[in-house]
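Subject: Structure handover

Dear colleague,

Please find below the structure I promised to pass on, followed by an account of what was found in it.

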Amino acid sequence: MNILFMASGGDSQGMNFCFWQMAKKLFKQNIFICESGLEGLIDNKIKKLDLKYFSLHKYESGVCIKTSRSKRFLLQKYQKQAINNLEKNDIKKIVMLGGNGSFLASKELAKHVELCFVPATIDNDFELTNYCLGHDTAVTNAVEYILQCKNTLACMSRTGIFEVMGRNSPQLAKNVAQKVDADLLVYQNFVSVKCNYNKNILETQNLTIQSFANILKQIKTKQSSPIIVMQENIFVTGKPFEHELEKLINSDITISVIGVIQRGGVPTKTELLFAKKFANAVVKNINNSKSFVVIEDNKKIKIINY
């Protein structure tokens, strides 16, 4: 049976290790890889797997077979082109790692070939599972970055605002805020204070730079160098925003957009454990005649059908 490994959407830590775990246990099968995700599938970038390829990169972040976010795949003619390439290479089953957008794309592919889907996104917002590959390492990277800044901010009595990734999901920002004991959490829809990040004091749809400054002033009366964790896309952060906010609170501010740092680094032990468990679930069930999704539910790895 010809099996195709591919990643789709954004990269996340643990992808390489997960692919390596599957590849070494399925070496008797005909394993192919698709370079550059759905874009590569459209352009027929399909080739036979060399097991050493994943072995060399297994502990690295990113994904060595590359990935992509494909706008072309939204168009039916390119979907047909991708499916034709699967038929040309006699691919019978796809193992795809990705997030929400990738899952939607996989549903189209699953109409033509059997598909095994593994949730992998640092945002941890794939609704069918409690955990997605990449999340623990992304949180750890952000936490380490913020903790390294804390003492410098404290000695200068500066406010530190740290913008983390998360797109449309607040989970990454929430987990980072809890681990660094942030004084304020600003995330999708709400603003929350230290010690109770689930108790919201203001909806972000009503949040202006002035109302945000008023909250910071209150916090500064108790903490001279507060730590603020903010989900991306709440404000357009940058020097103009920073200077305006400094004027409003009459105090120095340092804004750090942590960004792609969260996608890097060596996967954590937790990440590698999940990658191995997800890989084992795929290997165990790959000969099933149905398409399925690997999920984590209450600390158990489960399989659900499409």
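Angles under 35 degrees count as roughly parallel, over 145 as roughly antiparallel and 65 to 115 as roughly perpendicular, while the rest count as oblique. Please keep in mind that this is a predicted model. Helix 8 (residues 209-220) and helix 9 (residues 239-249) pack at an angle of about 55°, their axes lying 9 Å apart, and the two helices are therefore oblique to each other. The crossing in which helix 8 passes helix 9 is right-handed. On the side of helix 8 the contact is made by Ile-209, Gln-210, Phe-212, Ala-213, Leu-216 and Lys-217, and on the side of helix 9 by Phe-241, Glu-244, Leu-245, Leu-248 and Ile-249; by class, this contact has eight nonpolar, one polar and two charged residues.

Turning to charged pairs, a search of the whole structure finds eight salt bridges. One of them joins Lys-47 and Glu-35, with the closest N and O atoms 2.9 Å apart; because Lys-47 lies in strand 3 and Glu-35 in the loop between strand 2 and helix 2, the pair ties together parts that are twelve residues apart in sequence.

Arg-72, which is partly exposed with a relative accessible area of 23%, forms a salt bridge with Glu-39 at 3.1 Å between the closest N and O atoms, and the side chains of Arg-72 and Asp-43 also meet in a salt bridge (2.9 Å, N to O).

Kind regards

Key. Residues are numbered from 1 along each chain as its sequence is written. This is a predicted model: local features need pLDDT of at least 70, side-chain atom pairs count only at pLDDT 80 or more; totals for chains, interfaces and linings use all residues. Side-chain values use heavy atoms; hydrogens and water are left out. Axes are lines fitted to C-alpha atoms, for helices over the stretch in contact, and angles run from 0 to 180 degrees between N-to-C directions. Helices (H or I, at least four residues) and strands (E, at least two) are DSSP runs, numbered from the N terminus. A crossing is left-handed if the near helix is turned anticlockwise from the far one by less than a right angle, and right-handed if clockwise. Contact means heavy atoms within 4.5 Å. Ala, Val, Leu, Ile, Met, Phe, Trp, Tyr, Cys and Pro count as nonpolar, Asp, Glu, Lys and Arg as charged, and the others, Gly among them, as polar. A salt bridge is a side-chain nitrogen of Lys or Arg within 4 Å of a carboxyl oxygen of Asp or Glu. Buried means under 20% relative accessible area, exposed over 50%, partly exposed in between (1.4 Å probe, protein chains only).
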